[in-house]
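This briefing concerns a ligand site and the domain arrangement of the protein around it. Please consult the sequence and structure shown here alongside the text.

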Amino acid sequence: MDAAALVPGEYLLTVSDFRQIAAILHDDAGISLSESKAALVYARLAKRLRVLGLSSFRDYCAIVSNGNAVDERQKLVAALTTNVTKFFREKHHFDHLRQKVLPGLIERARKGGRVRIWSAGCSNGQEAYSAALVILQMMPDVLDYDFKLLASDIDPNMIAEGRIGAYAESAIEDVPAELRNRWLSRSRDGGETRWQVAEEARQLVAFRELNLFARWPMKRPFDVIFCRNVAIYFDKDKQADLWARFAGVLVPGGHLYIGHSERISGPAADIFVNDGITTWRCAQGGVR
Ligand SMILES: C[S@@+](CC[C@H](N)C(=O)[O-])C[C@H]1O[C@@H](n2cnc3c(N)ncnc32)[C@H](O)[C@@H]1O
C-alpha cells in the first residue's frame, strides 16, 4: 500500500514520500499540506528531480531529510509555496489605509516621527507597492522623511522579483489610472509588456527574505502590518502564534490587515479590535 504511486507519472511518489515532504514544509515554513495536494507536490517537485538527475521521490527525500541540505530544502519550500497576488487585491484595505490610517501617519512623519509599514508574506511585492503608490500619492515627498515599508517573504525568488518591480499587464489592471499614469511605466521584455514601478516606490520599499517562524531581526515596532492570504496555509497553533507575535511588534493602536478567509485566533483575539473588513487595530499593550 505504502509503495503505491499517489500520483501517476514518471517518478514514483508514495504516501511515505509525501508525508516526509509535508513534514519538511511544516517544520521549515509552518505550512500544512494535506494528501489532497499530492498532485501539486508532484508537479512542482518533479522539476527538481529532473534538475538533480534523480529517478524517484524516495531519492529526493533522502537528500532533503538531511537537515544540512539547506539549499535544497529552501528550493523545496519555494516550489511549494503559493505566491498568487495582485496589485490592490482586497481593495478595501487600501481605502482604509488611505482614509483612516495614513493621514495620522503622514502628520507624524512631517513632524519628524518615524513610520514603518510591513508587508509580511509579500510574494513578489505587489501588496507593498500598492501601499507605496497610495502613500506617494498622498505624500509625494515621502522619501524626505523617516517613512519606510518592509516587504518580506520566505521565497527568495519572490524577493528578487520584488526588487526588480516589473509586472505583467494582468497584475496591474486594478491600479487606479491616476497612480498608474504617474508611477508605472510600460516597457517591453521580449514580446511581453511589463509595467515598471517608479524608482521612488522602489526606494520606499525594502525587500528582505524572512521566514515568519524564524527570529525577527526588526528591533522597533510597526504602525501597520499587512499579512494577507499567508496564515491560511498554517495550522491553528501556528496561526495563533503568528497573530500574537504581530501584536507584540505593532505600536498600540497599530493596524493589521489580514486575508478575506483568515480570522484572528488565540490570545491575540483579546488584543485586536475590529476596525473594518478583516482590518484589526491593536489595543494598548499587545502580547509582548
Ligand atoms: C498567497 S501569497 C500572498 C501574497 C500577498 N500577501 C497577497 O495577499 O497578495 C502567500 C505568500 O506567503 C509566503 N509564505 C508562506 N509561508 C511563509 C513563511 N513561513 N514565512 C514567510 N512567508 C511565507 C509565500 O512564499 C507567498 O509568497
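**Ligand site and domains**

A backbone N or O atom of Ile-154 lies 3.3 Å from a nitrogen atom of the ligand, a polar contact (a pair of N or O atoms within 3.5 Å). The protein covers 99% of the 600 Å² of accessible area that the ligand has on its own (Shrake-Rupley method, 1.4 Å probe). The model is predicted: local features need pLDDT of at least 70 and side-chain atom pairs pLDDT 80 or more, whereas totals for chains, interfaces and linings use all residues. Residues are numbered from 1 along each chain as its sequence is written, and side-chain values use heavy atoms, without hydrogens and water.

**Side-chain contacts**
- The side chain of Thr-85 places an N or O atom 2.6 Å from a ligand oxygen atom.
- For Glu-127, a side-chain N or O atom is 3.0 Å from a ligand nitrogen atom.

**Shell**
- The ligand is surrounded by 22 residues (a heavy atom within 4 Å), and the closest are Ala-29, Thr-85, Arg-89, Asp-153 and Asn-229.
- This shell comprises nine nonpolar, eight polar and five charged residues, with Gly counted as polar.

**Domains**
- Domain 1 spans 15-80 and domain 2 spans 92-282, with bounds from an automatic or database domain assignment.
- Their C-alpha centres are 29 Å apart.
- Nine residues of domain 1 contact 11 residues of domain 2 (heavy atoms within 4.5 Å).

Methods:
A polar contact is a pair of N or O atoms within 3.5 Å; within protein, one must be able to donate a hydrogen and the other to accept it, and residues adjacent in sequence count only if both atoms are side-chain atoms.
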